Amino acid sequence: MSASTSSGTGTSSSQPIKPSVIITIGMAGAGKSTFVQRLNSYLHTVNPSRPPYILNLDPAVAHVPFEPNIDIRDTVNYKEVMKQYNLGPNGGILTALNLFTTKFDQVLELVEKRAETVDHIILDTPGQIEIFTWSASGAIITDAVASSFPTVVAYIIDTPRTTAPATFMSNMLYACSILYKTKLPFILVFNKTDVTPHDFAIEWMQDFEAFQAALASHSGSRDADGEPTYMNSLMNSMSLVLDEFYKHLKAVGVSSMTGDGMKGFFDAVEESRDTYEKEYLPELARARAAREKSLQDVKEASLSRFMRDLAVDRSRNPEAALNDRWESEEENDDEEDVDVDIIDRSEEPWPGEYIDVTRMRRQGEQINWPRPG
């Protein structure tokens, strides 16, 4: 928690330390929202003067156990999106997230305003994991925050449902795919350890033979002739592939109900912050330089082609060239779109905020409103 206590202070280059961004990703039912609430509670306890800044990116959730600073539901009406675009539940969530992403520059502006007053920024993603991890909007949001702040991905795993070797392997493969897609520091978070300890998972990750033994003892691992089944052989091969993957992975066990393991998780976040600065930032700088060079080359080639075409056109039709002019600003006035602003709940009341009028008071006046009988 070194960064928690020192954020907002000057570094060796007299620049304030940026807050860490935690992107929570996981299968539906893994306990992401409850985990975010436990993070919120823990950080309020550790440092009440610097609470986390929370973003809810799930437009379809009916209730969240925390108060987000920015909530996608304040900007996009999920049910209305389904109705207008004739979509199903998943299509509605994806379209709502796409619409919200078009305004994500406003989100970043609001977050950067609060950057000096918070140590952690937490993103709670939709329950349908594929909507965020494999959509264009999810990639845009991830890249946007990662290019502005030290970012870590927390992959939440439902520990009680991972005790079977096949389910464990499925989770590890999905984690591996997300890691190589985002290329960000990655933490495996085995949730619900109050129900099932995560010791077996750590052992399987660290000891290849232990996983082989668990796989061999699992029912259905051999066919009627006593030979290993296709799935058994496949998982054996996959475990060999993932053995190298495990060596560079941080794994912690937490209980979102009891709060056990929270300190270990934030220790892993601080270690991941170092990884971000040493590995991700240099790679990001190289990618940006390559992209800017590519764009500049394309721009110069397009401009050169345009100038050649323009010269040919003017030589063929000199009278038409005299009428060339720029479109005036007045002609563009009617083309401006109506803009919708992102709401930061922590700054001021927002449209649609619930207000209990029975508790309203005038200045210096005590009014007891009658309740319906």
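## Helix H8 against helix H11

Helix H8 (residues 165-182) passes H11 in a left-handed crossing, a crossing being left-handed if the near helix is turned anticlockwise from the far one by less than a right angle, and right-handed if clockwise. Helices (H or I, at least four residues) and strands (E, at least two) are DSSP runs, numbered from the N terminus. The structure is a predicted model, in which local features need pLDDT of at least 70 and side-chain atom pairs count only at pLDDT 80 or more, whereas totals for chains, interfaces and linings use all residues. Residues are numbered from 1 along each chain as its sequence is written, and side-chain values use heavy atoms, with hydrogens and water left out.

The axes of H8 and H11 (residues 230-247) come within 11 Å and cross at roughly 45°, where axes are lines fitted to C-alpha atoms, for helices over the stretch in contact, and angles run from 0 to 180 degrees between N-to-C directions. The two helices are therefore oblique to each other; angles under 35 degrees count as roughly parallel, over 145 as roughly antiparallel, 65 to 115 as roughly perpendicular and the rest as oblique. On the H8 side the contact (heavy atoms within 4.5 Å) is made by Pro165, Ala166, Phe168, Met169, Met172, Leu173, Ala175, Cys176, Leu179 and Tyr180, and on the H11 side by Met235, Met238, Ser239, Leu242, Phe245 and Tyr246. By class, these residues divide into 15 nonpolar, 1 polar and no charged, with Ala, Val, Leu, Ile, Met, Phe, Trp, Tyr, Cys and Pro counted as nonpolar, Asp, Glu, Lys and Arg as charged, and the others, Gly among them, as polar.

## Helix H10 and its partners

H8 also packs with helix H10 (residues 208-217), at an angle of about 135° and with the axes 9 Å apart, which makes H8 oblique to H10. Pro165, Phe168 and Met169 of H8 meet Phe211, Ala214 and Leu215 of H10 in this contact, which has 6 nonpolar residues, no polar and no charged.

Helix H9 (residues 199-206) is another partner of H10, their axes coming within 5 Å and crossing at roughly 115°. Glu203, Trp204 and Gln206 of H9 take part, together with Phe208, Ala210, Phe211 and Ala214 of H10, and the residues of this contact divide into 5 nonpolar, 1 polar and 1 charged.

## Nonpolar cores

A nonpolar core is a set of buried Ala, Val, Leu, Ile, Met, Phe, Trp, Tyr and Cys residues joined through side-chain atoms within 4.5 Å; buried means under 20% relative accessible area, exposed over 50%, and partly exposed in between, with a 1.4 Å probe and protein chains only. The largest such core has 64 residues, and those with the most contacts inside it are Phe100, Ile121, Tyr155, Phe168, Phe186 and Leu188. H8 supplies the largest share of this core, with 8 residues. A second, separate core of 23 residues includes Leu43, Val61, Ala154 and Ile187.

Leaving aside neighbours within four places in sequence, Phe168 is in contact with Thr162, Phe190, Ala201, Trp204, Met205, Phe211 and Tyr246.

## Helix H5 and the overall fold

The protein has 13 helices and 7 strands, and buried residues make up 41% of its 373 residues. Among contacts between residues at least 6 apart in sequence, 76% join residues at least 24 apart.

In helix H5 (residues 104-113), the buried residues are Phe104, Gln106, Val107, Leu108, Leu110 and Val111. These buried residues of H5 pack against strand S2 (53-56), strand S3 (70-71), helix H4 (89-101), strand S4 (120-124) and helix H7 (136-146).

## Individual residues

Most residues other than glycine have a negative phi. Lys183, although not a glycine, has a positive phi of about 60°; Lys183 sits in the loop between H8 and strand S6 (186-191) and is exposed, with a relative accessible area of 57%. Phi of Lys192 is likewise positive, near 65°, and Lys192 lies in the loop between S6 and H9, where it is partly exposed at a relative accessible area of 24%.

Gly91, which lies in helix H4, counts as partly exposed at 28% relative accessibility, and its C-alpha atom is separated by 8.9 Å from that of Ile131, 40 residues apart along the chain. His44, found in helix H2 (residues 32-46), counts as partly exposed at 37% relative accessibility and, leaving aside neighbours within four places in sequence, is in contact with Pro51 and Pro52.
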